[in-house]
Amino acid sequence: MDYPQLKSLFEQWNGRVFQCKGELIDSFTDGDTQYLVMDVGDADQQLVILENRSSMTSPTLGRRYVAYADVSGQHMYKSSYYPMLIARYLDLP
């Protein structure tokens with residue numbers, strides 16, 4: 001994943017599928033929608049927001065996962081905007 005490009009080209013990359021690998025550091029819900037915050041960075045923290053539309057309804061925070069997700073825009077998390085993707089598949093690596 002080219003994280004800097006994803007942050008700047010999210011509108012042009014709308015619908016493009018990425019493999020996201022990283023640790024889940026937070027989750028939150030808005031109505032019936034579950035959102036997962038994943039750190040996909042190696043050395044530096046690089047956060048993406050995943051709208052969880054996978055069959056995994058209760059992923060564990062602090063564990064590493066692999067998600068296949070398509071770009072859908074940006075989402076605000078703790079006063080900053082991060083790339084938002086729709087996770088269609090989520091599993092342990």
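Aspartate 70 lies in strand β4. Strands here are DSSP runs of E with at least two residues, helices are runs of H or I with at least four, and both are numbered from the N terminus. The model is predicted, so local features need pLDDT of at least 70 and side-chain atom pairs count only at pLDDT 80 or more, while totals for chains, interfaces and linings use all residues. Residues are numbered from 1 along each chain as its sequence is written, and side-chain values use heavy atoms, with hydrogens and water left out.

Confidence was examined through pLDDT, the predictor's confidence in each residue, from 0 to 100. The protein averages 92. A score of at least 70 is reached by 99% of the residues. Helix α1 (residues 3-8) has the lowest confidence, with a mean of 87. Strand β3 has the highest, at 97.

Aspartate 70 counts as buried, at 12% relative accessibility. Buried means under 20% relative accessible area, exposed means over 50%, and partly exposed lies in between (1.4 Å probe, protein chains only). Arginine 88 forms a salt bridge with aspartate 70, and their closest N and O atoms are 2.8 Å apart. This pair links distant parts of the chain: arginine 88 is in strand β5 (residues 80-91), aspartate 70 is in strand β4 (residues 64-77), and the two are 18 residues apart. A salt bridge is a side-chain nitrogen of Lys or Arg within 4 Å of a carboxyl oxygen of Asp or Glu. Side chains of opposite charge can pair when their charged atoms come close. Arginine 88 counts as partly exposed, at 45% relative accessibility. Leaving aside neighbours within four places in sequence, aspartate 70 also has contacts that include Gly15, Arg16 and Val17. Contact means heavy atoms within 4.5 Å.

The whole structure holds two salt bridges. Glutamate 51 and arginine 53 meet in a salt bridge through their side chains (2.8 Å, N to O). Glutamate 51 is buried, at a relative accessible area of 10%. Arginine 53 is partly exposed, at 46%.

Strand pairing was examined next. Two strands pair if DSSP finds at least two bridges between them. Strand β1 (residues 17-30) pairs with β2 in the antiparallel sense, over seven bridges. Here phenylalanine 28 stands opposite tyrosine 35 in β2. Two residues lie between the strands of this hairpin, where glycine 31 takes a positive phi near 70°. On β2 and strand β3 (residues 47-52), five bridges join the strands, again in the antiparallel sense. Leucine 36 stands opposite leucine 50 in β3. Six of the seven residues of β2 (residues 33-39) are buried, so this strand is largely enclosed by the rest of the structure.

Asparagine 52 lies in strand β3. This residue is buried, with a relative accessible area of 12%. The side chain of asparagine 52 makes a polar contact with that of glutamine 34 (2.7 Å). A polar contact is a pair of N or O atoms within 3.5 Å; within protein, one must be able to donate a hydrogen and the other to accept it, and residues adjacent in sequence count only if both atoms are side-chain atoms.

The largest nonpolar core has 26 residues. Such a core is a set of buried Ala, Val, Leu, Ile, Met, Phe, Trp, Tyr and Cys residues joined through side-chain atoms within 4.5 Å. Cys20, Met38, Val48, Leu50 and Leu85 touch the most other members. At least two core residues come from each of α1, β1, β2, β3, β4 and β5.
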